[in-house]
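I opened the model today and kept notes as I went. The entries follow the order in which I looked things up.

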Amino acid sequence: NTYLDVYVDPPGGVDSYLMSSIAVTKSSLSTSFDFLNTVSITESVDNQCDTATLTLKREIYEMSLSPTMAGSVLNLTPQPTIAIGFGQLIFQGTIDAVDWASSSITVQCIDQGSTLVDTYLETEDAYNTPNLTSTVEAGMQVVINAGMAAPPTLYTPETPGWIIGPWKQRRENVMQAIQTLADQIGYLVKYRWDAITGYNRLTFYNPERSETRFDGVVTQADYTQISRLSQALTNVRNVVRVSFLDSTQPTGQWDVDVTDAASIALHGRRFMEVAESATSNIDTLAEATVMAQSILDDLKTPDTSVDIDLPYWEIETGDRLLFEENGTTWDAPQTQCVVSKTTLFQSGLVLTSLQMKEARASGVQKHLVKEAGPGRSLPPMIDPAR
């Protein structure tokens, strides 16, 4: 059995409330009640933030958590909880939406990246000028510092070694701005658990597509209950073209194409084009090739969706898993890498659904939305400032 504690801290306060054990004192009698029904946590390489959904009992007897019931004893005199110092932190964030129309209260939460998503870069500013260069992670930190009053420190476990020059930052939220830089070399930037420090850190990291080590083995007993196992060719792309402007030739548009022969043989030729704007940091053939190859590696194989009752909340996005054969679903061991997962905690049980690919990826849907085409991504234009 796995039991989850959910603590809620009011804005600006120091008190903490445990949803599964809310203390109530009335007429000198003190007792506690469990208002927690379920918790569902969703992670994906396509989403800049992880999300959590809580369902709570709206009322027990005359005690109500509804924010419109000001006379409820829970709203009048809530009893703070002393946080218990054991267990593993698996999600930390802020409440974004609450719905209490029915007998259950639904609470939508976003992880610590929500602050970066909610902070907007309101002006187009030039960076690394005049004619300066920096590592991409240093450039990302400058953008974070410029946009936020209390900026987090970007953690880069291993530098990609990409040096960027001058660029003009467009108007967008801070998280999107730094993820756009990461996308250009197929990296990710998200809040991730760091075992060394023991807390979540804003991390800029390589998804390690070529990794051969397994993060876990799923045995026959683990996956006996598979309610869905499907593959789709919808998102497969095996010919990727990146159109860009070379900084050494400001009047010319350049293209780089990368292909995967094995994928073409299996699934047919499936083409996509990404057009980088003049404000992009991609301005050499080598840089465009890295971007194109990262997208190709992420999209050349079909998506696999599995609804499977795994009791392991510890599985993370990016994990490389070995599924043992069982003679029914598979007759040989299968290797799959997690690109998205949803974990449901309910009544002491854990149920996990996975979306996987044959190799690790930095994204699927976020690549596809960049496809050039009528009414979509525009071809690169000359930036008069350059």
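**Ground rules.** I am working on a predicted model, where local features need pLDDT of at least 70, side-chain atom pairs count only at pLDDT 80 or more, and totals for chains, interfaces and linings use all residues. I number residues from 1 along each chain as its sequence is written, and side-chain values use heavy atoms, with hydrogens and water left out.

**Strands.** I took helices (H or I, at least four residues) and strands (E, at least two) as DSSP runs, numbered from the N terminus. I call two strands paired if DSSP finds at least two bridges between them. I started with β5 (residues 36-44) and β6 (residues 51-57). They pair in the antiparallel sense over six bridges. They also form a hairpin, with six residues between them. I looked up Leu 36 and found Leu 56 of β6 as its bridge partner.

Which strand else pairs with β6? I found β10 (residues 104-111), antiparallel to β6 over seven bridges. Here I picked out Leu 54, whose bridge partner in β10 is Val 107.

**Helix α4.** I moved on to residues 174-183. Is this helix largely enclosed or open? Eight of its ten residues are buried, so α4 is largely enclosed by the rest of the structure. I use buried for under 20% relative accessible area, exposed for over 50%, and partly exposed for in between (1.4 Å probe, protein chains only). I listed the buried ones: Val 174, Met 175, Ala 177, Ile 178, Gln 179, Leu 181, Ala 182 and Asp 183. I then checked the start of α4. A side-chain oxygen of Asn 173 comes to within 3.1 Å of the backbone nitrogen of Met 175.

**Cis peptide.** I checked omega between Thr 129 and Pro 130. The value is about 0°, and the bond is cis. Pro 130 sits in the loop between β11 (125-127) and β12 (134-135).

**Positive phi.** I noted Tyr 61, a residue other than glycine with a positive phi, near 55°. Tyr 61 lies in the loop between β7 (59-60) and β8 (63-64). Buried or exposed? Tyr 61 is exposed, at 68% relative accessible area.

I also noted Glu 208. Its phi is positive, near 55°, and it too is not a glycine. I placed Glu 208 in the loop between β16 (199-205) and β17 (216-218). Its relative accessibility is 32%, so I logged Glu 208 as partly exposed.

Technical notes: Polar contact = N/O pair within 3.5 Å; in protein donor to acceptor, adjacent residues only side chain to side chain.
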